[in-house]
Amino acid sequence: MKQEEIKEMATADLKERLAQMEKEYRQLKAQHAVSPIDSPAKITKDRKAIARVKTELRMREINSK
C-alpha cells in the first residue's frame with residue numbers, strides 16, 4: 001500500500017484496514033515460526049505498511065486538535 005493510497009482513504013477505512021493488516025501480520029509471523037515461509041521479506045513489507053498507516057492516523061489525530 002503506497003502513501004498516496006493511504007492519504008486518500010477515510011479515517012474509518014484506515015482504522016479498519018489497520019486491524020485487518022495487523023491480524024494478517026500476526027498470522028504470518030505465527031506461520032513463519034512453525035515452518036519457513038517462501039518469502040520472509042513479506043514480513044518486513046507488512047510491518048512497514050502497518051507503520052505507514054499508523055503514522056497517517058497519528059498525523060490526522062494531531063492535525064484535528
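1. **Where to start.** Lys42 is found in helix H3. The model is a predicted one. Now look across to Leu28. Lys42 and Leu28 are 14 residues apart in sequence. In space, their C-alpha atoms are 8.8 Å apart.

2. **The overall plan.** How many helices and strands does the protein have? There are 3 helices and 0 strands. Follow the sequence and you read the pattern α-α-α. The radius of gyration is 14 Å, well over the 11 Å that the globule rule gives for 65 residues, so the protein is more spread out than a compact globule. The C-alpha trace tells you its extent: about 45 × 20 × 15 Å along the principal axes.

3. **Helix H2.** This helix covers residues 11-34. Check its length yourself. At 1.5 Å a residue, its 24 residues should span 34 Å. The buried residues of H2 are Leu14, Leu18, Met21, Tyr25 and Leu28. Look at the spacing of those numbers. An α-helix has 3.6 residues a turn, so residues three or four places apart point the same way. What do the buried residues of H2 pack against? They pack against helix H1 (3-8) and helix H3 (41-64).

4. **Helix H3.** H3 has 24 residues, which should span 34 Å at 1.5 Å a residue. Its end C-alpha atoms are 35 Å apart, which agrees. The buried residues of H3 are Ile43, Asp46, Ala49, Ile50, Val53, Glu56, Leu57 and Arg60. Their cover includes H1 and H2.

5. **Asp46.** Is Asp46 buried or exposed? Asp46 counts as buried, because its relative accessibility is 18% and the cut-off for buried is under 20%. The place of Asp46 is in helix H3. Leave out residues up to four places away in sequence, and Asp46 touches Tyr25 and Leu28. Both Tyr25 and Leu28 are among the buried residues of H2.

6. **Glu61.** Glu61 lies in helix H3. Its relative accessible area is 38%, so Glu61 is partly exposed. Glu61 and Thr11 are 50 residues apart along the chain. Their C-alpha atoms are separated by 9.6 Å. Find both in the structure and trace the chain from one to the other.

7. Residues 24 or more positions apart account for 64% of them. Of the 65 residues, 23% count as buried. The protein exposes about 5000 Å². Carbon and sulfur atoms supply 51% of that area.

8. **Charges.** The protein has 16 positive and 11 negative charges. How far apart are their mean positions? The mean positions are 6 Å apart.

Terms used
Residues numbered from 1 in each chain as written. Predicted model: local features only at pLDDT ≥ 70, side-chain atom pairs only at ≥ 80, totals over all residues. Heavy atoms only, no water. Helix = DSSP H or I, 4+ residues; strand = E, 2+ residues; numbered from the N terminus. Rg over C-alpha atoms; globule rule 2.2 N^0.38 Å. Buried < 20%, exposed > 50% of the residue type's maximum accessible area, 1.4 Å probe, protein only. Contact = heavy atoms within 4.5 Å. Areas by Shrake-Rupley, 256 points an atom, 1.4 Å probe, with all protein chains shown as cover. Lys, Arg positive; Asp, Glu negative; His and termini not counted. Charge placed at Lys NZ, Arg CZ, Asp CG, Glu CD. Expected span 1.5 Å × (residues − 1).
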